[in-house]
Every structure is written in C-alpha cells, then in structure tokens.
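Open the structure in your viewer and keep the selection tool at hand. The stops below say what to select next and what is there.

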Amino acid sequence: MRTSQYLIATLRETPADAEVISHQLMLRAGLIRKLASGMYTWLPAGLRVLHKVTAIVREEMNRSGAMEISMPVVQSAELWQESGRWDKMGPELLRFVDRHDRPFCLGPTHEEVITDLIRNEFNSYKQLPANFYQIQMKFRDERRPRFGVMRAREFLMKDAYSFHINQASLEQTYQLMYQTYSNIFTRLGLNFRAVLADTGNIGGSTSHEFHVLADSGEDDIVFNSTGSYAANIELADGVIKDLDDGSAAMLESREINTGNAHSIEELCALLDLPATRLIKTLIVKAEVTDTNPHGLMALVLRGDQALNDIKAEKIAGIVCPISFASDAEIETVLGCKPGCLGPNKLDIPVVVDRSAENMRNFVCGANKAETHLMDANWGRDCHFDQVADIRKVKEGDLSPDGQGELLIKRGIEVGHIFQLGTKYSEAMKAAVLDENGRSVLMTMGCYGIGVSRIVAAAIEQNHDTNGIIWPEAIAPFQVAIVPLNAHKSPRVTEVSEHLMAELEKAGIEVLLDDRDKKTSPGVKFADMELMGIPHRIVVSDRGLENNELEYKFRRAEQAENVPVDSIMAFLSARIAS
RNA sequence: CGGAGUGUAGCUCAGUCCGGUAGAGCACCGCCUUCGGGAGGCGGGGGUCGGAGGUUCGAAUCCUCUCACUCCGACCA
C-alpha cells in the first residue's frame, strides 16, 4: 500500500473531546472518527487492526471446535418477552417499532435468539455438546458512553453460546473456552489476567473475566504474585494479616464523650488509637418484613476496612442496588445521627464482617449523640446476627489460598465467560431427549469478547509520547518504508519500490510513504510512529552510497544500518520472531 | 438520571465580561525555495459563530428556550 493512495488521516493536535490516551491516539492516528456519542466510523487503518483482531479470535474459536454463525442485529420483542428480559432490561435495550407497529430491539446480546434457534434444531442428547459463535456489531444504549471505542454504544463483539446435556459437559467446554481465551490474548500480544468474576444478573455458578492490565482500566483486579489466585475486586477474598484473634481479656467498657468527632479519622486522632481498634457501622436499606419492620440493616466492619457493595448485595434482605439510609431515617429508627452509631442495642439486623468478628476491646458508637463506647466487646456490649464477607480486600492482604500477598491493579475487561446453567433454556423451554427418552433442559454457557475494545486496550497498554506501539500481531502494517528525497533520486525510488514489491511477495504488509516532496521527512517519521507501525525502513541517498538501508524497530531507541542485499533476510527474521 | 463544563474554519483555540466589518496557528489550493525529525516566502480558498426565538438602529457577544458533545457520579448480560 502507498500513502499517496491511502487515507492517512493523522492529526497533529489532540481533539479536545478525547480524554484517555487510547481514544486520543485512535483519533490522531486516523483509525476512527466519531459519528455520534458512542458510535464510530472505522477508517481504513483502524479497520485493518480490527480485522486482525477478528481474524485471531476467529481462528482460535474455530480451533476450539466452535461453529461460526450470524444472527440478526434486529430482534423481535417476542423472544425477549419470553425470556423475561423485555421488562427487565431497561433503557439500555434500544427499542423501536416497524411499519406494522410491531416492537423490535437492537441486539445487545443474543441468548434469546440462539436459544430459540437451538430449541428448534436440537432434539437429542446426541447433538450435544455444541458451541456456536458470531462476531458482530452489538448495540447497547449505555447511559454514559465514554473513552471512545472502549465503552461505545455500538461495538464489535464475539459472542459464543454452548449447549450441554449436563453440568459436567458444560464445565468441560468452559475449561476449553478458558484456554481458548488465554490463547487469543496471548497471540494478541497483550498483558492480561484471567480473574474470578461476579456472575451479576446473568446468574449461573462460575464466571471468569479476562482483563488487559492498564492504569486507565475501569475495574480493580486482585491477584497474588504466584498467579495462583486472581479475582475481580467485586468478589475477591483476602486474609487480613493483623486480624484480632479475640484472645485478649475483656476490659471494662465505658462511654466517652467524643464531641464532634464522627469519622474514623477524627476518632483515631482524638483517641490516639489506630483504625484497627475501631468499628465502623453502616446503615443500609433492607426489605421490610415481620422480623425487620424498620427496613434497615447494620453492616459492621473494622475501622480501617471498606465496604464491598457487590458482596453486601448478596446478603438476604438487603435492597439492591445497595443504598445507605438517610440521616433522617437513621435518627427516626435508631434515635441517633450517623457518626456515633454502633452495633449495641440495635433493634435492626446486624451483619458483621469477618474483619470485626473477633475483635476485643474495640471502640464503637454508643448510639447517643457525641458519645462512643470504649473497650466494647461482642456478647457483653454488642451483638450481631450474622457473619459475612462484606469487605473490600486491600493490597497487602494475604492471598486466600495461602500463596503470598495480594496485589491490586487496574484492568480493562476484554473477555467474560459464564456458566449459565438452565436460566434461558428453562425460560424458553429448550430441551432435548436424553438416553432414556426423557426431556431434559439443556445446560448453557456463554462467552464474550469485546473485539473493538481490544483495539483500545492494546493502545492503553502499548504507547509512548510519539504514539501507538502496536503488538506486531495486530499492527495495521508490519513495515513502513520511508524514502527520502525520492523526487530527486531515481535510485531511492527504485530501491523503495523494489523493496515493497519483494516484501509484499513474501506476504508482508507494507506501507510505502510516497507522499510528494511537500511532505517533509519529519512529517513522515512522525506519522509512521503515530500509527505505530512496528518496523521502519528509511531509504536515502546517504545510506545507498554505502549500500545500506536504515532499520528501526518501533520500540527501539536507536536505528541501525543494514546492507541493502541482506534486508529481506534481516526483516523476515525480525518479523517472524 | 443528578452534578459540572464546552459548542466560533478540517484541527487547536482567541474574541463574549464591556454589542459596532469574523480572527490566529496548523491543515488545504497555487507558485518559488528547502529536503534526515511535524521547513520558509508570496498569493489564495474556507464560517448563516450549534439551533430557534427575543431585546436593540445594530447580537458570536445580552435574555429565554432548545439541541449536541465531554467530564465526575450513579448505572452497566
């Protein structure tokens, strides 16, 4: 390819409405342009990258034995009503009617369509297991699209759905997909982690997310140094090192005046105690029942620990999404404002985190204005109804498997695999006959990859001040040829053209920067670097006088000279490796 | 959906407070010079100042409404 016949849509300056680096560089390198919020046109160079990612995903999915299909983007409401998600989904599902006033939606995911297909096609256990996938544009009307294609409304996704006669078969395919995903992200050249994940509303028992590590990621992922444990912070478990073992002798408790000190920090300063000696009591909304007429619940943690909302939402009776009780509600029910609350003599359910379960002689609110309880103890002064893990793990906690300490890093979720169970097959009556001629609901799994998001994630992980540094597997071109003074030097032109032809014959993708003499060398260098092309050859009279070409690897500091007649061997060795 | 902000040339922005001929740099077109790190000179094209309404002799500028976009939060199989 020649730049003179290609859309090199590079921008010198950063567009004002791009905040994260991948979004800025995708615009500046001329990969995408915005049509509307969360919707992007892929320009030629960007589409080349997207296609390379797609090709790797497709190859590995095919290798795993999955079958590629293509389902409609537009889906009729009936199926969604049948699964119950038409009402459950909310405005994220973009709905509209056709000319006959029949309701439709743009597919945000395809569980309904695939389940409908398979319940009609499959009759026997002998047809199982089976795994189907597609690579297709999805549409989700996100409340707040952001960061370019990282969180877009229209995005390219690989989604796969597997069908099984039982849980054991599902687990086999699940493992296969786990391995397939690991292969895909390895081939893409990304630094990633597979982590245990929350199954969220989709249900099911087991789920893993695949995260590309990058500081701009939207998720916190937790893992130990040996790699034997990794989880999304939403459900990560960890062991506190300095946990109180509850062996100390109980001291006499007493009320103390703490004035206007309300926060843990203020109390620590006032009492000259570490936060680990304090107890934090949070009041959240709960369902109103006979046993809990106030509709509130107390969540108790050690003073230095933070609440994990996702974990807390799993406690029976808590209102989802979790919300804190207002000051007025707390005062009405507990007779005290927040700031002096404690788990003593509360007539609402009290859930204590394991971090506070065994504490001795702690400080907690006395449920009385400006008053805290010193040297309080469970049983004698305070009570709890239930112990649960509701704590957000911290860096430095011990790994739950006993292997070292936990690290926390930011991650971009690029893949997610689920064991669905029978959620959809039950709702949509998708069954086959087993070997005894009995009708059995199929067990399902589903497996997603954010293909367009991978492009952004790769940039987040691979860039410098000059622009993108593509992993070689997904670069739009492998080699850039930059001729200098081609308009004056027939020899430079000839060598450049010849090299391009040779490389293309060898199946290597080349971009020859043959823009006219008005495009200065500096502009060409800057553009090729901005676009992140991994290998660059400069052809100049100066070099040719010594029979040399200049080679520079995008990641390297320095360029090096290579004899003209060994350039093909030189390049094919580097590109292969 | 709550909070904040921004809309002026393809891009980055000035001009708005204090109403009076629509600006700069880059990009683009032509000619000349230059040619290994975003060159220089001369000449040129390009805008209903997001939209609608209002105030005024006169509105990019003041007022009202509206639309779009961005950020923070909430939300997110």
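Start at Ala16, where a polar backbone atom is 2.5 Å from a phosphate oxygen of RNA strand B; a polar contact is a pair of N or O atoms within 3.5 Å, and within protein one must be able to donate a hydrogen and the other to accept it, while residues adjacent in sequence count only if both atoms are side-chain atoms. This is a predicted model, in which local features need pLDDT of at least 70 and side-chain atom pairs count only at pLDDT 80 or more, while totals for chains, interfaces and linings use all residues. Residues are numbered from 1 along each chain as its sequence is written, chains are lettered from A and ligands numbered from 1 in the order in which they are written, and side-chain values use heavy atoms, with hydrogens and water left out.

Next select Arg12: a polar side-chain atom there lies 2.6 Å from a sugar or linking oxygen of RNA strand B. For Lys34, the distance from a polar side-chain atom to a sugar or linking oxygen of RNA strand B is 3.0 Å. β1 (32-36), α14 (521-530) and β30 (535-539) are the elements that give two or more residues to the surface near the strand; helices (H or I, at least four residues) and strands (E, at least two) are DSSP runs, numbered from the N terminus. Select α14 to see the element that gives the most, with 7 residues.

Now show everything around RNA strand B. There are 45 residues, and Arg140, Met157, Asn485, Ser540 and Glu550 come nearest; near means that a heavy atom of the residue lies within 4 Å.

Move on to Ser425, in helix α11 (residues 423-427). Is Ser425 buried or exposed? Ser425 counts as buried because its relative accessibility is 0% (buried is under 20% relative accessible area, exposed over 50%, partly exposed in between, with a 1.4 Å probe and protein chains only). Its side chain reaches the backbone oxygen of Thr422 at 3.3 Å. Leaving aside neighbours within four places in sequence, Ser425 is in contact (heavy atoms within 4.5 Å) with Thr115, Ala430, Leu441, Met442 and Met444.

Finish at the second largest pocket by selecting His262, Lys280, Thr281, Leu282 and Gly339, which lie nearest its centre among 24 lining residues. On a 1 Å grid over the protein atoms alone, a pocket is an open set of points where a 1.4 Å probe fits, with protein on both sides within 12 Å along at least five of seven lines, and lining residues have an atom within 4 Å of a point. β14 gives the largest share of this lining, 5 residues.
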